[in-house]
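Good morning, and thank you for the time at this meeting.

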Amino acid sequence: MLYLVGLGLADETDITVKGLEIVKRAERVYLESYTSILLVDKKKLEAFYGRSLITADREMVESSSDEILSGAEDVDVAFLVVGDPFGATTHTDLVLRARELSIPFQAIPNASIMSAIGSTGLQLYNFGQTVSMVFFTESWKPSSFYDRIKENAQIGLHTLVLLDIKVKEQSLENLARGRKVYEPPRYMTAAQCAQQMLETEHERKEGAYNENSLAVGVARVGAKDQKMAAGTLKELCDIDLGTPLHSLVLLGKRTHELERDFIRAVAIDSESFDKSWQALSSLD
């Protein structure tokens, strides 16, 4: 059996009892390492699980899936995914390959940012399409996220923005030269996301949002040092929420007073928050 085991969001103790039992008995255990990260290192996971873990980077998962699946028709193989196996990033390619080889599979769910974002106090029923924000470069500033946000805004829904991480990435020069030299890991912050969102609005000028639009920046959701800050996009451009991982929620006009009361407690500036909330709730 191939098991896709969700690890939750924060540390080694977030794994479910069912997931831990599978990890302890599996023949091989892989730790997917490129779509997200836990807030503890691999050694701490191994100590808690009582197992050694094989790091599965993007190259292995995308190019060497047969290595992961080898023998899984006869023994148990566990593939560990931060969050939920079918949450923010789905591993359908690995599952489809398993099906082709007649290897049975089972997913073990866990908390993901898609559900845990409810810890902001914003109601999950009021969320629209989730979007991803990548690091801009001088020559590459994709804005497909903007269209999804605009669609959400038109019907008044919140937008969860998932932020880019760069783990084991090669520079264009090293990639072109075939050199296995990797750049240091980078993790986008809520402030960088807000800056890029306003840069895109400045270019597009379609009014999906503006510098006074309310948003909530979050960091390390589910951890003991979880942190949140609510304010305008302009205010969030200067916020420091500390270490990774970060996400951002842009509020929609379909808001509830309970949501306001909850997130006002983490407002950067209460007076500014009240003014922006009044403007948001008065939209048609």
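First, some ground rules. This is a predicted model, in which local features need pLDDT of at least 70 and side-chain atom pairs count only at pLDDT 80 or more, while totals for chains, interfaces and linings use all residues. Residues are numbered from 1 along each chain as its sequence is written, and side-chain values use heavy atoms, with hydrogens and water left out.

Let me start with the overall fold. The protein chain has 12 helices and 12 strands; these are DSSP runs, numbered from the N terminus, with helices being H or I of at least four residues and strands being E of at least two. The chain is as compact as a globular protein of 284 residues, because its radius of gyration is 20 Å, close to the 19 Å of the globule rule. That radius is taken over C-alpha atoms, and the rule is 2.2 Å times the number of residues to the power 0.38. Along the principal axes, the C-alpha trace spans about 60 × 45 × 35 Å.

How much of the chain counts as buried? The share is 44% of the 284 residues, where buried means under 20% relative accessible area, exposed means over 50%, and partly exposed lies in between, with a 1.4 Å probe and protein chains only. The chain exposes about 14300 Å², and carbon and sulfur atoms supply 50% of that area. Such areas come from the Shrake-Rupley method with a 1.4 Å probe; for residues, only the protein chains shown count as cover. As for contacts (heavy atoms within 4.5 Å), consider those between residues at least 6 apart in sequence: 72% of them join residues at least 24 apart.

I turn now to the second largest pocket. Rolling a probe the size of a water molecule over the atoms shows where empty space is left. On a 1 Å grid over the protein atoms alone, using a 1.4 Å probe, a pocket is an open set of points with protein on both sides within 12 Å along at least five of seven lines, and lining residues have an atom within 4 Å of a point. The second largest pocket holds about 510 Å³ of space; a volume is the space filled by probe spheres set on the points, which are joined across faces, edges and corners.

Which residues lie nearest the centre of this pocket? They are Tyr209, Asn210, Ser213, Leu280 and Leu283, out of 26 lining residues. Two elements give two or more residues to the lining, namely helix 7 (144-154) and helix 12 (270-281). Helix 12 provides the largest share, 5 residues. By class, the lining has 11 nonpolar, 11 polar and 4 charged residues. Here Ala, Val, Leu, Ile, Met, Phe, Trp, Tyr, Cys and Pro count as nonpolar, Asp, Glu, Lys and Arg as charged, and the others, Gly among them, as polar.

Asp269 sits in the loop between helix 11 (257-264) and helix 12. Why is Asp269 called partly exposed? The reason is its relative accessibility of 35%. Its C-alpha atom is 9.3 Å from that of Thr232, 37 residues away along the chain. Pro142 belongs to the loop between strand 6 (131-133) and helix 7, and at 22% relative accessibility Pro142 is also partly exposed. Beyond residues up to four places away in sequence, Pro142 touches Val134 and Phe136.

Next, some backbone details. Ser102, in the loop between helix 5 (92-100) and strand 5 (105-108), is not a glycine, yet its phi is positive, near 60°. Lys205, likewise not a glycine, has a positive phi of about 55°; its loop runs between helix 9 (190-204) and strand 10 (214-219). Ser102 is exposed at 62% relative accessibility, and Lys205 is exposed at 60%. A cis peptide bond, with omega about 0°, joins Pro244 and Leu245.

Finally, two separations. Ser63 and Tyr125, 62 residues apart in sequence, are 38 Å apart, C-alpha to C-alpha. Ser63 belongs to helix 3 (residues 58-63) and is exposed, with a relative accessible area of 58%.
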